[in-house]
Amino acid sequence: MDVVSSVAADLGHLVLRRRAEQKMERERDLIERILEASPVGIQVLDDEGEITRMNERVREILEIPADRTDQYTPDDRAVYDGDGNPMDPEEHPFARALETGEPVFDWEAVIELPEAGRRWLSVNAAPVLDDDGNVERVVTTGEDITHHKRQAERLQRQRDDLESELDEMFTRVDDAFYAVDKQFRFTYVNERAEELLQHSETELLGRSVWEVFPEATETPAYEAFHTALEEQRQTEYEVFYEPLDFWVEARVHPSESGVSVYFRDITEQKEREQELKRYETIVETVEDAIYVVDEDGYWTFVNEELASMFGCTPADVVGSHTSEFVDEDTAKIGHRAGQRLRESDRDSVTVEVDLTEENVAPMIVETTFTLLPGSDPRERVGVARDITRRKQRERALRNRVRQQEAVTELGKRALEDLDLDGLMSETVDLVADTLDTDYCKILDLDAEADALLLRQGVGWDDGIVGSATVSAVAEDSQAAFTLDTGQPVVVEDLSTEARFSGPDLLTDHDVRSGISVIIGPTDSPWGILGTHDREQREFTKHDANFVQSVANILSTAINRHRHEQELIRRRQQLSALNDLNDVVREITDAVIDRSSREEIESIVCDHLTDVGGYELAWVGAGDATSDRINIKSSAGRTGYLDDLDIVDDPDDDRGEGPTGRALRTGEMQTTPDVREDPQYEPWRDLAVKYGFHSSAAIPIVHEETTYGVLSVYADRPGAFEGQEGNVIAQLGEVVGHAIAATQRKRALESDEMAEVEFHVPNVFSTFGASGTLEGRVVFETAVPLDDDAYLSFGTATDPAIEGLRDYCDAIPHWESLTVRDGDSAEESRFELRTSVAPLIKAVASIGGRLERAVVEDGDCTVTIHLSPTAEVRRLTEAVQDVFPDARMVTRRQVVHPADTPERVSHEIEEELTDRQQSALKAAYYAGFFEWPREATGEEIAESLGIAPPTLSQHLRKAEKKVFSSILSNGGGAERNGRSA
């Protein structure tokens, strides 16, 4: 039994030892695989300094040929310290660890290599002790830090350069200086201190530092000042003073009377120091993740870095299946990589995988596999590295380059052609292709209709483009939301979007995500550019910027197209304007000598169509009996007027056109485009048939009288806008003035004339004056002044003079009354300045002339001359518009022989200018030509509002023309017994 027990015990020890040996072999294999997969060079030396083991990384770093690994010794490579001095092998880390039994960390040196030249290494050495505490071997690790050293050298050089620059700069800047007394009140401040403290010396002297800068009591400056003063020693401080927004460095020197402070702005220096610190920060490195997975896909080893990728500890990972941390596709990739290693002669294989598990942040990992030898089943060891950012940057860079190329190409296309629809068609194709989206659209905004038309698009159902609309204001519209915010709008999932639900255009096409941006300025947008996809997408900021860049190109092209169209329109308008100015001048010259209204109207129409280039021009006037507009004269396109039907009735659609409105308002009415103006509906089809695009109706007016309407038509839209409209609008007054002048001329040149008298009871009550004027007042003539003002002359008996003075204060448009000596003792001459003369203007508007007005005890008799063909009814209406109580008392025909004073007076007036007539009449009726003079030249000039020399010049020229006319006619003229 003892023998059996002994044998059994030996067998037990053998089994245990065998298991221990297997475990050790397994650990050695694991260590071997880790060593081979490690990016750090590792070697082992015995107690004699001989290398017993090194991994492949050591051979790469030291450039040791594979066939010389066994012959390599530490002194085969020359080693230098940081200053370039050679180092003996006894100074190497392994020798120090072997000698002292203590580890050596972060030993840096330069090693000279056969091919790569000199290379910086960072070496760690750790001794391995036996049971007696003696060093039996040393393990060293080496890492190539040449890149970091060179980067550090560059940073150091940059820092030295910056420091030198700072030193040189600050030596050139004079320090600021100020002094304070023992109560810390300013006693002196130099200019540099004034600049930095942002206060003048005048503002600071006598005031306490802490009063001016109360926040400084909470800074080191407060303590430095008190310490310097109390301990009589120099102090220094450096602080950022927020109220003045700068860093200050100061030296405080004590004195018997207080302290002196030398300080300077070191804000720029501080910023440079921070910049240097940023330069000194080396790019953060991430330790590689190491793991071991068996043939069945279970983790058997992971380090901290790999566990951190999954957001857990190594204990949470080891023993679990890979499928618990990575998706099935990723696990299969790892399994196939292991199979390839087992079936081939390759030592390792590198693959990229996407980690997108629910509990793991999405990342792209580059991992290198190698098999763990001696393991059963076969295991694979891997070294993994997170390359997500690098891949994202590469992908983003490719996308940005592609987008930039697309923007560049579209920009060139936009500059080459002004075909907007063609450009838009190419745009939607390009955006959809570049972003790989299902749809792209361009929406054209109709601001008045609050709608957006799908003008161009790609991917949409047939018949949608060109007809579908989207609301520009509805809350469910992504386009409306984009217009409202003025910013690019990105949608990742329309089904969960809270800002809007999406219009039918998107929902009917199963849109899930997309981008929409404004085309044009946000305050005046042209439309929307949008791209959409049926899948849920995460669009980047660069994607949104790309779409906005394309929209900006479209906006530029649209503006350029509009500008070109505007230039074309302006050129046409300028040409038309030049022609029109010539036409207006020719018409003005042509109508001056015409003797009838019919001739004037005919000339105007002929010139506008023959010379002005307009399609049609006609003159019409209202018919009081039928409310119709009768056409009196026309020129240009024939046929159109045959079917024209216009009435002067605001309740009739045919009276709401430009002609009817011009007659009623007395203002020019234009139609920029007959196809769009709703008030042009009754004549639209007819106008389109004859090729008319725009029209203008110009009232023919003079003073308060409207003679009719001049209607003009053009074959281009907007022809009568801007300057062209302003010029053609003048024709109404030109023609009106010519017609009125012709009527007056015919009346004066006629041997017969109609003389009409009106009786106006209590005439001054019409103007709001109370009481009855006693005595007699005769208004003989009125001289027009500027701004519709008049200077009226006449005579009045003494009782009436006082009444006129009272009325001058009571009647608003009577401005001043001047009384002069009369021809007799019973009456005086006067001149009355008024701001308006309503009766004179009313009579003149129908071609008549106010001859005389006599007021007896408040009642007035008005005598008016006008052409015998003029309508007395219109005259009566004009007078009663001013004096509602006026009634006509007589009407008779009077005959003026050719040599009457009236005829001579008319001939003289034809020779005089308006200013000469005004000056001559004012002087005559004011008694300037009497002897002795009743009024001086200065007084008359003041009444007329001109300078005395100007009055004298007008009078001399007028006198010459008067005498010349009288002498050439061989006659004379007298008026009221006063010689002219």
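Helices (H or I, at least four residues) and strands (E, at least two) are DSSP runs, numbered from the N terminus. This is a predicted model, in which local features need pLDDT of at least 70 and side-chain atom pairs count only at pLDDT 80 or more, while totals for chains, interfaces and linings use all residues. Residues are numbered from 1 along each chain as its sequence is written, and side-chain values use heavy atoms, with hydrogens and water left out.

Aspartate 436 sits in the loop between helix H14 (420-435) and strand E17 (439-446), and it has a positive phi of about 55° although it is not a glycine. Most residues other than glycine have a negative phi. Aspartate 436 counts as exposed because its relative accessibility is 58%, where exposed means over 50% relative accessible area, buried under 20% and partly exposed in between (1.4 Å probe, protein chains only).

Phenylalanine 184 also has a positive phi, of about 60°, without being a glycine, and its place is in the loop between strand E7 (176-181) and strand E8 (186-189). With a relative accessible area of 7%, however, phenylalanine 184 is buried.

Arginine 400 belongs to helix H13 (residues 388-416) and, at 36% relative accessibility, counts as partly exposed. Although arginine 400 and histidine 542 are 142 residues apart in sequence, they are 7.1 Å apart in space, C-alpha to C-alpha.

Another loop, between helix H16 (504-507) and strand E21 (513-519), holds aspartate 510, a residue that counts as exposed because its relative accessibility is 52%.
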